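Student: I would like to learn how to read some features of a protein model. Can we go through a few, one at a time?

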Amino acid sequence: MNTAVIVVDLVNDFVSGVFGSDRAIRVSIDIGEFLHSLGDKAVKVFTLDTHIPDDPEFKVWGEHCLIDTWGSQQVENLAKIDGYRIRKRHFDAFHHTDLDGFLRARSVDRLYIFGISTDICVQHTVAGAFFRYYDTTIVSDLCAAISPERHLEALSFMERNYGFRNINSKKALEEINNAVK
C-alpha cells in the first residue's frame, strides 16, 4: 500500500469551537463517511493542531487548540477511527513532526490531503508534501476554510504553484479503490 490520506486538523476548536462553522461540521461528517468507505485501503494519518501556552501563533489567531484541552482533541466522530495521530504546532504537518518518516517507513509516495483550513494548514501541509516530492491530490469537498472565497483561492494557489490536482471525495475513493485492486 503506497497511498495515505492525511486528515488535517479535525479538532474541536476548528469544527465547533472558537473557529468552528456549519461548513466545518458538515466536512467533519463527510470525512467520517469517506474514511469508513475507504476501509483499510490507505494509511490514515490525522494531524491535531496543538499549542503550548503563550504560543507565538496566538498573536495572529488568538488562543486555540491549547494542549490538553477539549479544543485540541479530535472531533468525536473521527476519534475512534484507526490511524496514526500527529500533534503539530505549525501550519505544515511535516514541520518538526515525524510525518515524513512515518510515511517513508511505510513506502507511501501518494497522498490525498484534506481538512481544515484549506487556506492555512491544508495549504501549508500540501507545500510540505511538494517539497518532499510526494504525489499529492487535494480532496476539495472534504476541506473547509475561513470563507468560501479563501477556500477557492487556496485550491487555485495549490494547483498553480505545486501542480497538484484537486478532486472530489467520490473521485478520490474511486482512485484509491482502483489502485489496490
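Tutor: Begin with a charge and a ring: the charged end of Arg-85 sits over the ring of Phe-46, 4.2 Å from its centre. "Over" is used when NZ of Lys or CZ of Arg is within 6 Å of the ring centre and within 35 degrees of the ring normal. This is a predicted model, where local features need pLDDT of at least 70, side-chain atom pairs count only at pLDDT 80 or more, and totals for chains, interfaces and linings use all residues. Residues are numbered from 1 along each chain as its sequence is written, and side-chain values use heavy atoms, with hydrogens and water left out.

Student: How many aromatic pairs are there?

Tutor: A pair of aromatic rings is described by the distance of the centres and the angle of the planes. Rings of Phe, Tyr and Trp (its six-membered ring) pair if their centres lie within 6.5 Å; planes under 30 degrees apart count as stacked, over 60 as edge-to-face and the rest as tilted. The count here is eleven aromatic pairs. For Phe-131 and Tyr-162, the centres are 6.4 Å apart and the planes stand at 80 degrees, so this pair is edge-to-face. Phe-131 lies in helix H6 and Tyr-162 in helix H7 (residues 148–162), 31 residues apart. Helices (H or I, at least four residues) and strands (E, at least two) are DSSP runs, numbered from the N terminus.

Student: Is Phe-131 buried or exposed?

Tutor: Buried means under 20% relative accessible area, exposed over 50%, and partly exposed in between (1.4 Å probe, protein chains only). Phe-131 has 57% relative accessibility, so it counts as exposed. Tyr-162, at 15%, counts as buried.

Student: What can be said of the residues of strand S4?

Tutor: In a regular strand the side chains alternate between the two faces of the sheet. From S4, Arg-110, Tyr-112 and Phe-114 point one way, while Leu-111, Ile-113 and Gly-115 point the other way, and all are buried. Six of the six residues of S4 (residues 110–115) are buried, so the strand is largely enclosed by the rest of the structure.

Student: Which strand do six bridges join to S4?

Tutor: Two strands pair if DSSP finds at least two bridges between them. Six bridges join S4 to strand S1 (residues 3–8), and the two run parallel. Val-7 has Phe-114 as its bridge partner in S4.

Student: How many disulfides are there?

Tutor: A disulfide is a covalent bond between the sulfur atoms of two cysteines. With the cut-off that the two sulfur atoms lie within 2.5 Å, the count is zero disulfides. The sulfur of Cys-65 is 8.5 Å from its closest cysteine sulfur, in Cys-121, which is too far for a bond.
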